[in-house]
Structures are given as C-alpha cells and as structure tokens.
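Have it open beside you while you read.

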Amino acid sequence: MVNSLNPINQVPPEVLGVILSLVPSNLPRDYAGQKAPFYWPSTSIQSRQDIVRSTHVCHHWRKTLLATPMLWASISSGDYQSATMIPAFIERSRPAHLQLFVDTDDIGRTLQRVFDEQPSHIRELHLSSYNNMYLPVHSHYTLIETCRLPQLECLTLALKYGNPFSLPVCTRMLFNNELPRLRTLTLANLPWFPSNRFDHLTHLSIINDPGYKYLRWEIADLFSFLRPCHRLEEIVLSGFASKHRHELYWRPLKFRRLRRLAVGNMSAILLAWFITHILNPTGLTVRVFGMSCG
C-alpha cells in the first residue's frame, strides 16, 4: 500500500516503461577486453543486468518491466554477466524487434534458434568474429548466406582477426539477397564485398584496421560495390593501405543525396583521389581524419 503511494508508481505503466528504458548502461565499445568494430552513433550495446536489477525493486516495477518487450530486445553475446539469461531475454522481448550483437565464434544454440524461428523480428544485427568469416558449412557462414531477414535495417560484419590462409577472395551474397529494408551497413576488415545490390542503403562504413594486411580487394572492387548505392547519405571510408591500386581516369561516383563523407587513415594521395572521384553534391560536408600533418 505504501509503495503504491510513491509518486513514481502513480504514473501510467506505459510512462513508467519509457522511464525505465533509460536505466540500461551502455557496454564499453571495447568490452571483453577487445576492440569493438565501428558502430553508428545511433547504435548502442546495452547491458540487460541493469534491467534485471530493476525487476527486484518491487512487484509493480517487475510487472511493468516484464510487460514492456522493447526493454529486453537489445541482446549481446558479449554481455557475459547476462549470458545465462539470454533465453529469458528473448522470450520477454516478444513481439518487439530485436537488436543482436553476436560473436559468431560462439553463437550458441539459443541465438541460432532466433535466426531459425524469429528471423522477421531481427531489426539490427551486428556480427563479429575473432577468427574469420569463412567457416565450414553448418556454421554461421551458412547463416549469413541463406537466412532471410526481411525486417533488417542495420547490419555490421566485422572480422577482428584473420587467418590469411583461410580468407576467400570471391564475393558473397548476403542473406539470400533478401534485405529489402536494409539502410545501414558496416564492413570491417572483410576480405570481400557482398554481391548484393543495396539500392536502398543510406549509411555505409567500410573500416579497415591500419595494420591489417590480408585484404584481397582493390579499389576497382570498392567502386563496383558503391556504384549501385545511389541513395547513400553518409559514407565512412577508413584504413585503406597504399597497396590498393587506383586509376586516375575512372568515372567518378555520383551520390545526389550524399550529405557527409568521412575519409581517413590512408595515404594523402589515396585520400585526395577518393575525394576527387566522388562528385560533391551541394551541401556536402567532408571530414578528414587520422592524417599526419608532418
């Protein structure tokens, strides 16, 4: 009775749910002692532990939290404190759209079931690997080729370390080429470009660690990948080694909707070549980073 008189418990349950959605803290981008791949600012890796603790405050809070699926929809295999509760989080998140951060080297049966049984609920998917993206059949490499994700809007594929003897040279078709809602794509240290045509893509980042030596593609492959993406609004290009050959007379890329271009961590010659081969629409903002002034 006394608890019900508390001002916070007199607001409607829907409002209390929105307030409690601000509780989860963001996991550090270098969680688990490893450098995390690039994520767009709108993407955050949140710990569910804070929500779990909130369910212990009182019966009213617990009832409200369990009845608010969106509070459980951000799930990370790197949140080791909550790893044993992932099945419960998935069940509580129904029917909300899921935001998954998955280390594919340890995907686990529970998360595999999400891809098998709830693919239409996945809105954000961030896959990272500490080994390579080319694993035997029945592993996650089959998943990224054949699984259908019709509601996916944001995708990250990040290779954090690589075995130069196991990296494929050929391109791959992602998710059976059925990504009709995909708007945001991040590729980090991938040795290949997807062969999909991303006609609706608006945000693209291609990030390579400066010391990563095993990329197999050339600038020609990059341009072939970029050319169909005519709706791009923001592009981030980083970490291209000087070994990437470029041609002076290639036809420039046209992105009429492009608003922001960030280029860096590459040689000054290659950077200047990139800027001159992307036609600048009116109002374009260009950011150059990771360059030595010496």
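Notes on helices, rings and loops

1. Let's start with a pair of helices: α7 passes α8 in a right-handed crossing. Right-handed here means that the near helix is turned clockwise from the far one by less than a right angle, and left-handed means anticlockwise. Helices (H or I, at least four residues) and strands (E, at least two) are DSSP runs, numbered from the N terminus.

2. Before going further, a word on what we're looking at. This is a predicted model, in which local features need pLDDT of at least 70 and side-chain atom pairs count only at pLDDT 80 or more, while totals for chains, interfaces and linings use all residues. Residues are numbered from 1 along each chain as its sequence is written, and side-chain values use heavy atoms, with hydrogens and water left out.

3. Back to that pair. Helix α7 covers residues 219–226 and helix α8 covers 268–276; their axes come within 14 Å and cross at roughly 25°. The axes are lines fitted to C-alpha atoms, for helices over the stretch in contact, with angles running from 0 to 180 degrees between N-to-C directions. That angle makes α7 roughly parallel to α8. For the labels, under 35 degrees is roughly parallel, over 145 roughly antiparallel, 65 to 115 roughly perpendicular, and the rest oblique.

4. Which residues of α7 and α8 make the contact? On α7 they are Ile219, Leu222 and Phe223, and on α8 they are Leu270, Trp273 and Phe274. Contact means heavy atoms within 4.5 Å. Sorted by class, this contact has six nonpolar residues, no polar and no charged ones. In that scheme Ala, Val, Leu, Ile, Met, Phe, Trp, Tyr, Cys and Pro count as nonpolar, Asp, Glu, Lys and Arg as charged, and the others, Gly among them, as polar.

5. Now the rings. Searching the whole structure turns up six aromatic pairs. One of them is phenylalanine 223 with tryptophan 273, a tilted pair at 5.2 Å centre to centre with 40° between the planes. It ties together distant parts of the chain, since phenylalanine 223 sits in α7 and tryptophan 273 in α8, 50 residues apart. Rings of Phe, Tyr and Trp (its six-membered ring) pair if their centres lie within 6.5 Å; planes under 30 degrees apart are stacked, over 60 edge-to-face, and the rest tilted.

6. Buried means under 20% relative accessible area, exposed over 50%, and partly exposed in between (1.4 Å probe, protein chains only). Ring pairs link Phe223, Phe240, Trp273 and Phe274 into a cluster.

7. Another helix pair is worth a look. The axes of α1 (residues 13–20) and α3 (residues 59–66) come within 9 Å and cross at roughly 85°, and α1 and α3 are therefore roughly perpendicular to each other. Pro13, Leu16, Gly17 and Leu20 of α1 meet His60, Trp61, Thr64 and Leu65 of α3. By class, that contact divides into five nonpolar, three polar and no charged residues.

8. Some backbone details in loops. The peptide bond from arginine 94 to proline 95 is cis, with omega near 0°; proline 95 lies in the loop between α4 (86–93) and β2 (98–103). Asparagine 177 is not a glycine, yet its phi is positive, near 60°. It sits in the loop between β4 (154–159) and β5 (184–188) and counts as partly exposed at 42% relative accessibility. Asparagine 265 likewise has a positive phi, about 55°, in the loop between β9 (260–264) and α8.

9. Cysteine 147 is in the loop between α6 (140–146) and β4 and is buried, with a relative accessible area of 11%. Its C-alpha atom is separated by 6.5 Å from that of asparagine 176, 29 residues apart along the chain.

10. Finally, the overall picture. The protein chain has eight helices and eleven strands, and of its 294 residues 49% count as buried. Among contacts between residues at least 6 apart in sequence, 72% join residues at least 24 apart.
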